[in-house]
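Me: I would like a close look at a single part of this structure, followed through in one connected answer. Please keep to what the model itself shows, and say where something comes from a record instead.

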Amino acid sequence: MDLQELVLLGVVSAGAGIVGSMLGLGGGIFMVPLFTLFFGIDQKAAIGASAVAVVANSVVGSTVHLRSRFTNLRLAMLLQVTTAAGATVGAIVGVAADQRVISAVFAAVLVYAIVSMLAQRRARPTAAPGPVAPPVPMPGEAGSPPDLPTVPVDPLTGHYRDRGQDITYTPERVPAGVGISGLAGVLSGMLGIGGGLVQVPAMSVLMRVPVKAAAGTSTFMVGFASVATATVYYASGEIDPQVVVAALLGVFVGSQIGPRITRRVATERLVLFFVTIMVFLAISMILQAAAVDVPWAREGTDE
Amino acid sequence: MTSTQAPTDPVMLVYRIARAALVAGFVLAVSLVAIAVALVVITGDPIAGSTMDIGDLPAAVRDGDPSAVAELAILAVVLTPILTTLCVIAGFLRIGDRRYAAISVLVLVVLSASMVVALLR
């Protein structure tokens with residue numbers, strides 16, 4: 001891979017990092033198909049690189065989300081138990097699975113993501129944007145607000161400030177959320193996508209966690225799930241450091257920008273744009289799964 | 001000087017600790033990636049397309065091999081959430097939340113198990 005391609009790979013990863021942070025998806029859902037389709041990178045190497053990049057994206061994004069309190073730390077750790085276990089199982093299956101099977105599962109996940117994002121968009125009325133709120137200072141920092149809630153009754157209760165409003169919520173149907181997180185983990189491990197795709201709607205629709213808190217909590221969680229994935233792929237020799245470093249550089253930049261945009265832009269407005277890209281990627285993956293020549297796909301690079 | 005700050009949720013201490021661990025991991029990983037890229041420019045050696053044996057890593061890093069430093073950066077990224085989990089456990093224990101400290105230990109056990117499983121395969 002020459003320098004120009006590596007730079008382009010970094011730019012694509014930055015874009016995936018921005019979108020991943022904004023939607024709490026981790027970016028892998030865009031990275032893996034883009035790497036395989038347009039860079040000719042081996043699917044397993046793309047998944048391995050994506051898994052590492054998702055961890056990086058999560059690390060960077062979470063530093064911002066934790067500060068804004070969009071991350072619910074207790075909820076994240078609780079859901080993490082089954083997510084990480086599922087990711088380990090998924091990664092072991094993913095390493096052994098045929099490329100066409102992975103493409104088929106990826107296509108199914110993309111279709112699910114498209115339907116889920118459109119359904120959420122239809123279900124949620126678009127709120128009029130309020131004044132932009134600055135990041136909430138941590139306790140002890142200058143400007144720390146004096147009117148924040150004291151210790152909540154339910155330990156899983158979360159609160160944050162969004163566009164000048166204090167938001168307090170308590171997650172519902174927690175056992176179901178724990179179960180679904182296991183499934184998210186399996187998909188994360190198998191496809192290197194982080195699992196936020198399942199976790200964000202599960203938290204927001206099933207557990208009634210506000211979307212920004214769901215995205216913030218998911219951003220934190222996907223990094224942990226992807227640790228399990230990255231470890232399995234690393235041990236299986238499916239990590240290409242050249243690809244990973246280019247992806248990391250892009251993600252470091254992209255994931256710094258994503259959460260900042262989230263605070264200023266109503267993400268719901270961008271859903272149609274993201275959905276269009278995902279439809280294109282889903283069609284490509286379906287064609288790959290069916291062993292049909294994808295006209296816009298690049299041939300694999302020889303090592 | 002008197003403090004007028006109202007009492008806040010003690011879990012915010014855990015947030016601060018978790019954030020500090022993530023920032024530390026991020027800074028380390030970025031530094032290593034930057035060093036790897038600088039070594040590529042200086043030595044003219046590209047980053048390899050496959051990982052090396054983990055036992056050979058320390059010597060290769062000492063020799064200024066960009067691939068080894070890049071691999072170290074990858075490991076730094078992957079280990080950051082594990083470091084964060086350790087810090088979260090310490091944070092929950094510090095605020096007396098034993099239940100969530102135990103849950104976080106469980107997360108650490110699962111992540112460690114994934115590493116063991118991966119290395120045994």
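Which residues of chain B does UniProt list under "transmembrane region", and what does the model show for chain B there?

Reply: The model is a predicted one, and the "transmembrane region" annotation comes from an unreviewed UniProt entry, which lists residues 20-42, 72-93 and 100-120 of chain B.

Two of these spans can be described directly from the coordinates. Residues 72-93 of chain B are 100% helix and 0% strand, with their end C-alpha atoms 31 Å apart. Residues 100-120 of chain B are likewise 100% helix and 0% strand, and here the end C-alpha atoms lie 30 Å apart.

These spans belong to a chain that has four helices and zero strands, so that, with helices and strands taken as DSSP runs, the pattern read along the sequence of chain B is α-α-α-α. As for overall form, chain B has a radius of gyration of 19 Å, whereas a compact globule of 121 residues would have one near 14 Å. The C-alpha atoms of chain B fill a box of roughly 60 × 45 × 20 Å along the principal axes, and 38% of the 121 residues of chain B count as buried. Within chain B, if one considers the contacts between residues at least 6 apart in sequence, 57% of them join residues that are at least 24 apart.

Chain B also touches chain A, in a contact that takes 51 residues from chain B and 49 residues from chain A. On the chain B side, helix 1 (11-43), helix 3 (66-94) and helix 4 (98-120) each supply at least two residues, and the largest share, 15 residues, comes from helix 1 of chain B. By residue type, the side of chain B that touches chain A divides into 36 nonpolar, 10 polar and five charged residues.

Strand 1 (residues 158-162) of chain A pairs with strand 2 (residues 165-169) of chain A in the antiparallel sense, over five bridges. Within this pairing A:Arg161 stands opposite A:Asp166, which lies in strand 2 of chain A. Two residues stand between the strands of the hairpin, and A:Arg163 takes a positive phi near 50° there.

Definitions and conventions:
Residues are numbered from 1 along each chain as its sequence is written. Chains are lettered from A and ligands numbered from 1 in the order in which they are written. This is a predicted model: local features need pLDDT of at least 70, side-chain atom pairs count only at pLDDT 80 or more; totals for chains, interfaces and linings use all residues. Two strands pair if DSSP finds at least two bridges between them. UniProt positions are given in the numbering used here, feature names are shortened, and annotations may be inferred rather than shown by experiment. Two residues are in contact if their C-beta atoms, placed from the backbone, lie within 7 Å. Ala, Val, Leu, Ile, Met, Phe, Trp, Tyr, Cys and Pro count as nonpolar, Asp, Glu, Lys and Arg as charged, and the others, Gly among them, as polar. The radius of gyration is taken over C-alpha atoms; the globule rule is 2.2 Å times the number of residues to the power 0.38. A residue is buried if 20 or more other C-beta atoms lie within 10 Å of its own, exposed if 12 or fewer, and partly exposed in between; C-beta atoms are placed from the backbone.
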